[in-house]
Amino acid sequence: MFTAAAENLLQQAREIQDEELGRFCTGVSKLLQEAPGPATVDALQRLFLIVSATKYPRRLEKSCVDLLQTTLCQPSCPEQLQVLCAAILREMSPSDSLTLSCEHAQNTQQLSLVASVLLAQGDRRQEVRSVGQRICTVLESRQLDGSSPRPLLPIVSKVVGLAPDTLQSDHTDLLSKRLVDWLRYASVQQGPPHSGGFFSTPRARQPGPITEVDGAVASDFFTVLSTGQHFTEDQWLNVQAFSLLRAWLLHSGPVDPGSPGTDDKSELEGSTLSVLSAASTASRLLPPRERLREVAFEYCQRLLEQSNRRALRKGDSDLQKACVVEAVLVVDVLCRQEPSFLYRALSCLKALHAQLGTDEGSERALLALAQFFLNHGEAAVVGADAVYQRLFTRLPAEHFHSPVLAFDMVRFCVDNLGLFPSPLLGLLKSSFPNLFKLLAWHSAPLTSEFVALLPGLVDASLAVEMLHALLDLPCLTAALDLQLRNSATPSDRPLWDTSLRTPSCLEAFRNPQFQGLFQHLLRTKASGSVERLTPLHQLLQPMTSCARVVQCAQAVPTLLHAFFAAVTQFADGALTNQLALLILERSDSVYQVAGFEARVHRVLSGQLLALCQHKPALVVELARELLGVGGSVSSIRSHGSVLTCVVWAVGEYLSVACDRRCTVEQINKFFEALEALLFEVTQSRPSADLPRCPPQVITGLMTTLTKLASRSQDLIPRVSLFLSKMRTLTQNPAPGFAHQEEGTEAIRTRATELLTLLKMPSVAQFVFTPSADVCHPRYHRDTNTALPLALRTVSRLVEKEAGQPG
């Protein structure tokens with residue numbers, strides 16, 4: 001979050017018009033032609049704020065752009081100005097007015113800045129290739145005034161990420177050699193202190209050896225975890241080389257690790273003899289890429305050994321955890337490229353797993369370890385059940401509030417969904433309530449990931465429980481908020497909405513009477529049962545304004561669409577019935593967040609129609625439940641748009657054509673219930689208990705009654721009389737029947753059309769209950785079929801009816 005002052009500056013930058021920006025660019029151009037000073041720096045900072053504050057690119061005067069490029073390429077220009085010029089030019093990219101080239105850079109810092117601008121162009125003129133080749137040339141010949149190659153390594157990483165094929169084989173070998181030197185042969189002595197201080201003397205103490213994080217003198221080569229007061233240039237290169245290592249290994253590794261030759265080699269090197277020979281490969285003269293892999297493996301082994309030491313400073317402890325994650329990921333890449341590393345890595349990784357079980361803050365390392373065992377566990381015949389068990393149970397339950405960990409965890413599940421063996425996939429599915437905690441707390445950033453993950457999580461045995469959990473997701477967010485507020489360690493709790501005061505909710509959370517409901521909501525595994533959480537909806541009502549709860553409620557409709565899209569692929573008749581029942585039950589039992597109920601009703605109503613279309617016999621099989629919703633006046637308020645869809649489904653599918661079990665008694669029963677509902681909503685005054693009925697519900701009820709009457713023709717006189725009254729009512733509305741003009745006109749038009757159809761019962765039956773052939777285009781194109789003929793007849797009747805005075 002920005003401060004008020006920062007927000008004000010951004011707003012001012014966004015509101016600057018082109019004319020004012022042009023005048024400002026003129027001033028910047030004048031300053032760039034003078035000797036650099038504080039005014040120039042200030043003007044460039046302001047210009048950078050202006051061009052970066054908006055999503056759309058700003059147009060700068062060509063003279064200003066040319067001067068920015070000239071300033072960037074001047075060898076004598078202060079570095080601060082060059083950095084600002086490069087940042088402004090990057091924000092303008094892609095641009096046709098750039099004339100920069102890497103060939104004229106005078107030092108590596110300048111080359112790095114120019115390259116960053118060219119890479120931001122998007123490779124429209126093969127900028128990526130030219131940048132990559134120029135940097136490789138510089139690294140090979142050690143050009144540019146003997147300046148440090150450190151600024152070039154981030155550009156190498158960017159080039160490899162954007163276009164890995166741009167580097168030739170000799171360039172790849174060259175950089176592999178450089179990385180070997182930087183990783184393995186950095187100095188083990190601390191760098192000299194900075195000279196020129198007030199207390200500096202010629203007899204200053206000579207730099208000592210580097211140390212470990214626990215203060216002991218290092219007994220092996222320098223790594224990221226080596227400590228000291230000052231560092232040499234090659235030590236800084238060691239650190240940067242390690243940050244680049246994994247991306248470079250992926251780029252420079254075997255073209256096809258899964259080829260048959262690789263499989264044969266893996267079998268050969270799986271023997272004891274090959275393991276012993278592989279252990280001595282470091283002493284052989286290996287090609288550059290193989291040598292880099294060997295050095296990288298030794299480096300990671302050293303890092304894992306250093307991670308066992310007890311750090312003296314918290315910063316070093318945090319660095320240890322980060323290095324363990326990266327080391328395991330690098331070892332994973334190495335084992336995929338060279339199977340012989342696998343057997344050498346297992347012992348230290350098993351020890352690491354035992355260590356992670358006792359270390360706080362090692363959750364991300366656990367994820368990396370799980371990825372390693374998932375990739376190599378079968379080949380190494382290593383069981384990693386304890387790793388996966390902890391990953392899917394404890395980690396989401398205890399660390400759901402960590403945004404980085406939540407994203408990494410969900411991406412791990414999405415990326416590996418097709419790789420999980422059956423037992424692990426079963427564990428993942430049964431742990432969906434735990435994964436939903438990540439979704440509930442980080443709904444906005446994780447919605448797209450869960451849309452991709454849901455098809456792999458849901459199956460027939462979990463579908464009902466998972467749908468309940470999705471509908472209760474905002475309630476889960478509120479419960480997680482209370483769980484954190486109730487935590488006994490305030491210093492470890494993440495930030496939340498401090499403006500929200502919820503003493504009554506906290507008391508309810510601690511009340512033993514409601515512990516069962518909260519435990520069900522916060523469960524870590526699928527329970528196989530469902531609980532009606534309506535009491536919690538009422539208890540947690542004060543938290544509906546919480547920002548996280550509102551945000552989560554906005555994500556639920558998207559997740560529901562993804563859920564039903566997955567379930568309908570395998571749902572059988574029994575599951576379809578269960579889901580339809582759940583929709584009817586839950587449409588009046590939703591956590592009352594502003595706008596949430598209406599959005600959920602829209603999704604559930606559409607899905608109910610889809611289920612009925614998938615299984616038309618649903619209406620007959622769930623006749624009692626549908627009557628309970630469609631025959632109750634209170635459903636107008638509690639079920640919303642679901643009621644409209646229930647009414648439509650009854651009219652569409654309650655027929656012998658859809659289910660032979662449909663009887664005249666059922667049709668009559670539905671007719672009487674819907675007729676009573678229509679009478680009540682049109683004749684009664686609106687009140688708190690009986691809100692005004694929407695016109696679409698009224699027209700839906702009228703249409704469904706007409707459809708039912710066309711299938712049980714004894715009902716035609718009753719519905720005709722009722723439709724006549726409805727038409728009269730729209731012309732002289734009762735006090736409780738006041739709708740907007742459009743709604744009244746729609747009701748009048750529908751009543752007229754239905755009355756006209758009922759004058760020819762056989763035509764009405766054709767129109768309202770067409771045969772199954774209606775899905776075929778020929779049924780609509782062929783003039784000899786019954787439906788087009790019936791429709792033409794009805795059209796003439798409607799036109800004739802409309803021409804008569806009302």
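## Around Ala479

Let us begin with one residue and its surroundings. Leaving aside residues up to four places away in sequence, Ala479 is in contact with Phe509, Phe518, Leu521, Leu522 and Leu540. This is a predicted model, and Ala479 belongs to its helix H24, which covers residues 473-485.

Is Ala479 buried or exposed? Its relative accessible area is 0%, so Ala479 is buried; the cut-off for that word is under 20%.

## The nonpolar core

In soluble globular proteins, nonpolar side chains tend to be buried together. Here, the largest nonpolar core has 242 residues. Which of its members touch the most others? They are Leu60, Phe372, Phe392, Phe436 and Phe563.

Not counting residues up to four places away in sequence, Phe563 touches Leu454, Val458, Ala463, Met466, Leu467, Leu470 and Leu579.

## The whole protein

The protein has 806 residues, and 50% of them count as buried. Its secondary structure includes 41 helices and zero strands.

How much of the contact total links residues 24 or more positions apart? Among contacts with a separation of 6 or more, such pairs account for 74%.

Key: Residues are numbered from 1 along each chain as its sequence is written. This is a predicted model: local features need pLDDT of at least 70, side-chain atom pairs count only at pLDDT 80 or more; totals for chains, interfaces and linings use all residues. Side-chain values use heavy atoms; hydrogens and water are left out. Helices (H or I, at least four residues) and strands (E, at least two) are DSSP runs, numbered from the N terminus. Buried means under 20% relative accessible area, exposed over 50%, partly exposed in between (1.4 Å probe, protein chains only). Contact means heavy atoms within 4.5 Å. A nonpolar core is a set of buried Ala, Val, Leu, Ile, Met, Phe, Trp, Tyr and Cys residues joined through side-chain atoms within 4.5 Å.
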